[in-house]
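Trainee: Hi, could you walk me through this one before I set anything up? I'd like to start with a strand pair.

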Amino acid sequence: MNTKHAVKNIKCDICIIGGGLAGSFAAIEAARDGAKVVLMQDRPVLGGNASSEIRMWVRGAKGIFDRETGLISELEERNIYYNPTLCPSVFDATLYGMVQENKNIEILMNTTCLDAKVENGRIVSITGWQLTTYTNYKVNAAIFIDCSGDSILADLVGAEYRHGREARDEYSEELGQAKEDARTMGMSIILAARETDHAVKFTPPPFANVYPDDSCFSGDIGQSIHAQVRDHKVATSGANLWWVELGGECNSIYDADKTRAELIACIYGVWDHIKNRGDHGMENWELEWVGALPGKRESRRYIGDYVMTESDIKSGGHFEDEIAYGGWPMDDHNPYGMRKNDEACLPSVMIPVSEPYGIPLRCLYSKNIKNLMFAGRNISVTHVALSSTRVMATCSLLGQAAGCAAAVAALKEITPREAALRYTAIIQKILMDHGVFLPHIRREVSKLTQRAVFNITDNERKRLLNGVERPRVEADENSITQKIDDELTLHFDKPEKITSLRLCFDPDFTRESISDNKKMRVFAMKLHTGKDFKPVRVASTLVKDFIVYADGKEAARVENNFQHLVSLNLNTTANDISIKWISTHGAKEVRLFSVDVQGEENHLNENSP
Ligand SMILES: Cc1cc2nc3c(=O)[nH]c(=O)nc-3n(C[C@H](O)[C@H](O)[C@H](O)COP(=O)(O)OP(=O)(O)OC[C@H]3O[C@@H](n4cnc5c(N)ncnc54)[C@H](O)[C@@H]3O)c2cc1C
């Protein structure tokens with residue numbers, strides 16, 4: 001700490017380091033669960049690799065019915081509404097707004113965590129340096145969650161961690177290395193381009209690499225079906241140049257700036273190649289943006305109470321303490337990146353994952369530091385498992401889960417390990433109530449809802465209350481449909497205190513109503529802008545306007561809703577709750593996956609010791 005500058009002290013329940021998607025969602029979840037949170041982020045915007053600074057697309061489990069919900073879908077739905085043209089800076093602002101609106105989160109932007117104090121295996125405080133104010137912030141907290149990607153706290157607090165690739169026999173991983181090594185996946189700098197209606201010239205800066213022809217990128221790669229060739233067809237739906245990658249053979253933290261300089265030369269060289277060397281049909285395209293920060297894929301992974309491996313991923317990850325899931329293929333990049341260009345060193349090898357696999361809470365807290373948790377690409381997994389868990393929708397679920405578990409631990413004044421041992425069911429319930437899908441667990445509706453008599457058939461009632469809020473397979477029936485102007489009524493045989501109402505609408509899992517562009521249907525983000533780009537639309541299936549009545553009197557009116565999960569405070573006592581559908585964003589019918597009313601039950605009081 002530089003003591004010549006001011007020191008400000010802050011006390012909170014949970015301190016989160018790193019404001020990528022994992023850290024931002026950890027902060028929001030913990031705050032919504034009642035904890036006082038500090039979020040320390042070393043850069044001027046939130047979002048990490050998804051932010052306008054790096055611009056990677058959010059990806060997650062393959063399969064339309066396996067898409068991630070919870071805070072990540074809330075962000076996507078907000079972004080579609082506020083940012084239909086998918087401007088990267090507005091994406092930053094949307095995420096910032098989602099964090100900033102929580103009164104119990106203090107955001108320390110432009111603040112780099114660089115020191116920590118530890119006593120008896122417990123972190124007492126961390127210190128961050130705020131670039132814009134020349135101020136040291138010292139944060140005392142009950143729980144610390146490291147979401148920095150690089151695991152900044154690992155060395156500072158003496159937490160066990162791993163860097164590099166394990167030997168095949170260490171965890172019986174077929175995809176492991178013959179011998180362990182210190183190599184990792186590399187880092188990348190990408191660019192964004194825009195199509196104009198006139199020819200645009202490009203003169204490369206003098207430091208740009210020269211790639212005279214396509215053989216510089218395709219090499220001797222052959223036709224292997226799992227091989228990723230270095231596609232450089234830039235278009236709205238085109239390549240994002242993720243393969244402009246280097247740095248995995250050196251240290252991905254301490255050599256990162258040297259690698260940045262090399263990557264800048266590569267990316268300008270690639271654009272020079274596209275524009276000037278061979279006919280790529282890109283005469284009218286101009287360079288709009290080039291990254292300045294290398295996006296990282298891998299560095300230090302903490303060791304938790306459990307280390308997840310290739311076999312967990314292949315066998316579906318059935319864990320009692322499942323709090324998140326993954327489903328992206330095992331997508332392992334060659335550490336040499338662009339430096340090597342042959343069959344033995346493909347840019348990436350993709351091994352599909354047959355079903356979504358669960359991730360246990362034990363991968364999110366430290367084996368040896370009592371109050372340290374982590375989320376994102378630094379969780380307790382092997383290198384092979386990381387090649388799947390590292391994508392950002394998975395990291396988002398991990399962040400949300402870590403925030404929830406940390407809030408339970410902090411509010412009950414116990415360690416994350418104790419929370420995992422005693423309160424896993426409660427953590428799972430809170431997460432599912434907040435919209436998170438857990439593939440091997442069903443959400444339980446409240447006892448109050450189970451007591452209600454509905455004005456729909458028994459079969460429809462069963463579907464609404466079965467705890468599954470999506471079709472698991474095509475034509476799977478876990479929802480009901482109602483007409484506009486229909487009313488759904490829950491009747492109780494005596495007046496009941498009703499604090500809140502939770503509704504889960506159809507987010508349009510196919511995303512067909514959101515965009516005609518298949519890429520934007522995976523997650524609504526864009527990199528390049530061709531003239532064919534059309535703004536995305538709010539999913540037609542989302543219910544726009546509806547009214548809630550308690551014993552015939554209006555208790556809530558919702559106008560212009562654009563979220564698929566809606567929770568309303570009602571604070572009423574009634575025999576009947578009715579919901580009248582007024583309009584959708586285009587669909588002719590309302591499709592509802594669940595309805596749930598809450599009485600005075602409180603998760604954190606349930607099963608109290
Ligand atoms: C080129 C590239 C392509 C990829 N492609 C995809 C893709 O298509 N889809 C996908 O989903 N994933 C992709 N990934 C993987 C994914 O981007 C990362 O695994 C993911 O971003 C990790 O999330 P995170 O929240 O752990 O870390 P990050 O997104 O890196 O966030 C970490 C945050 O911590 C902050 N931070 C770091 N150190 C400190 C400190 N000392 N103090 C305070 N703050 C700190 C950083 O500023 C950053 O905001 C790609 C990665 C790269 C590099």
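**Strands, cysteines and confidence**

Mentor: Happy to; in strand E17, the bridge partner of Ala 324 is Ile 359. Strands here are DSSP runs of at least two residues, labelled E and numbered from the N terminus. This is a predicted model, where local features need pLDDT of at least 70, side-chain atom pairs count only at pLDDT 80 or more, and totals for chains, interfaces and linings use all residues. Residues are numbered from 1 along each chain as its sequence is written, and side-chain values use heavy atoms, leaving out hydrogens and water.

Trainee: How many bridges join E14 to E17?

Mentor: There are 4, and E14 (residues 322-326) runs antiparallel to E17. Two strands pair if DSSP finds at least two bridges between them.

Trainee: Which way do the E17 residues point?

Mentor: Tyr 357 and Ile 359 point one way, Gly 358 and Pro 360 the other, and all are buried. Buried means under 20% relative accessible area, with a 1.4 Å probe and protein chains only.

Trainee: New topic: how many disulfides?

Mentor: The count is 0, with a disulfide being two cysteine sulfur atoms within 2.5 Å. For Cys 363, the nearest cysteine sulfur is that of Cys 395, 13 Å away.

Trainee: What does the chain average for pLDDT?

Mentor: It averages 94, and 95% of the residues score at least 70; pLDDT is the predictor's confidence in each residue, from 0 to 100. Over residues 220-228 the pLDDT is below 50. Where pLDDT is low, predicted coordinates should not be read in detail.

How values were computed
Buried means under 20% relative accessible area, exposed over 50%, partly exposed in between (1.4 Å probe, protein chains only). Contact means heavy atoms within 4.5 Å.
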